[in-house]
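Open the model in your viewer and keep the selection panel at hand. The tour goes stop by stop.

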Amino acid sequence: MNFPRPHLRSAVTPALLTVTALVALTACGTSEADSGSTGSGSGSGAKGAVSVRIPDPGNSGVLALGKKDGSLDKALAEVGAKVEWTGSAGPFAPAAQAMNADQLDIATGSITSGITSLAQRPGFKFFTAVDPDAAGEGILVKNGSGIDSVADLVGKRVAVNQGGTGEYLLLKALAKADIPADKVKRVYLRPDQTAAVFNAGKVDAWSVWATYAVAEIGSGKAHFVADGAAIGSDNYSLNAVRTGFAEQHPEIVKALYQYLHDGSVKEKQNPAAYLNVFTDAGPTAVTGKAKEVQTEVTGKGATVEPIGPEDIKRFEAVAAFYAEQKVTKTEVDVAAHLLDIEKLT
């Protein structure tokens with residue numbers, strides 16, 4: 001199987017639905033991955049096939065479409081594998097714990113949440129990268145809030161997910177504006193619980209990514225005071241694999257990479273085909289203006305690629321920044337937990 005060589009990627013907006021193909025994008029919601037609950041995909045009847053435990057992809061993204069049309073089953077069958085949908089896609093921290101406990105084989109998350117998980121007891125490695133999202137992530141404020149710049153956040157309350165994308169984006173924005181981090185109150189909340197708090201005015205801003213930002217922007221009531229491009233974000237989206245699984249089944253990891261890469265290219269070309277895969281109504285559907293926003297973000301996005309030298313330098317920059325900001329006690333050695341997909345044998 002031939003794999004595309006890593007290319008020097010420009011900082012274009014990555015499509016979080018592509019990035020978080022494994023996490024329904026984008027990478028979040030409540031996770032049941034660590035519960036050990038299991039489900040079966042349509043290919044679960046294949047005798048003797050190796051099960052690959054992946055969080056259910058929900059209603060959007062490359063894996064959601066692959067689950068519906070059977071293309072993922074077909075791709076994995078070629079390397080003697082089948083999908084076992086396990087729990088639901090959610091934050092990376094519990095998914096990392098599930099991989100450590102041998103309850104999950106594949107998960108998606110950001111380099112930021114990845115670093116905080118690597119600082120503990122990592123039983124996983126990253127094997128793909130999608131460039132930082134220039135337009136889909138940032139610091140969200142309500143229209144008419146009077147917050148017109150990062151400097152206006154001084155003395156305000158900003159919701160963030162601790163140790164993940166939200167905290168990183170806020171700290172990065174403050175550092176770029178030469179504002180001491182302690183001048184802004186960080187309110188630690190789970191991202192799936194933050195929208196109600198933000199809309200009730202209990203926080204002044206929300207540092208967040210596309211999974212949640214799209215709905216708020218699509219409502220016409222909120223906007224980014226600073227997006228990923230303005231912040232200078234190095235917040236890649238990555239796919240992780242349980243270390244033991246990668247060691248035992250490198251051919252399956254390669255096949256998954258190829259499927260995700262090819263799917264992300266198609267998704268970028270036709271974003272609408274990867275939205276509302278199973279239903280166009282209800283809480284999992286993206287509708288109205290939010291659908292337009294998500295389609296634009298995805299169309300501008302990057303694709304799933306192997307991890308290259310230029311990516312590793314930026315990962316290391318995030319690790320150094322986290323140590324400097326005391327998010328981690330020491331600088332995490334990210335390079336020790338990466339796989340070169342082209343060298344797996």
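Which side chain makes a polar contact with the side chain of Glu137? Select Asn235: the two side chains meet at 3.0 Å. Keep in mind that this is a predicted model.

**Stop 1: Glu137**

Center on Glu137, in the loop between strand S4 (124-130) and strand S5 (138-142). Is Glu137 buried or exposed? Glu137 is buried, and it has no salt bridge. Show Arg314 next. Arg314 is the nearest side chain of opposite charge, 8.5 Å away. A salt bridge would need a side-chain nitrogen within 4 Å of a carboxyl oxygen.

**Stop 2: Ser237**

Move to Ser237, in strand S10 (residues 237-242). Why does Ser237 count as buried? Its relative accessibility is 8%, and the cut-off for buried is under 20%.

**Stop 3: helix H4**

Select helix H4, residues 92-100. Which residues of helix H4 are buried? Color Phe92, Pro94, Ala95, Ala96, Ala98 and Met99. Then show what these buried residues pack against: strand S3 (106-110), helix H5 (111-118), S4 and S10.

Finish just after H4, at Asp102. Check its backbone: Asp102 takes a positive phi of about 60°.

Conventions. Residues numbered from 1 in each chain as written. Predicted model: local features only at pLDDT ≥ 70, side-chain atom pairs only at ≥ 80, totals over all residues. Heavy atoms only, no water. Helix = DSSP H or I, 4+ residues; strand = E, 2+ residues; numbered from the N terminus. Buried < 20%, exposed > 50% of the residue type's maximum accessible area, 1.4 Å probe, protein only. Lys, Arg positive; Asp, Glu negative; His and termini not counted. Polar contact = N/O pair within 3.5 Å; in protein donor to acceptor, adjacent residues only side chain to side chain. Contact = heavy atoms within 4.5 Å.
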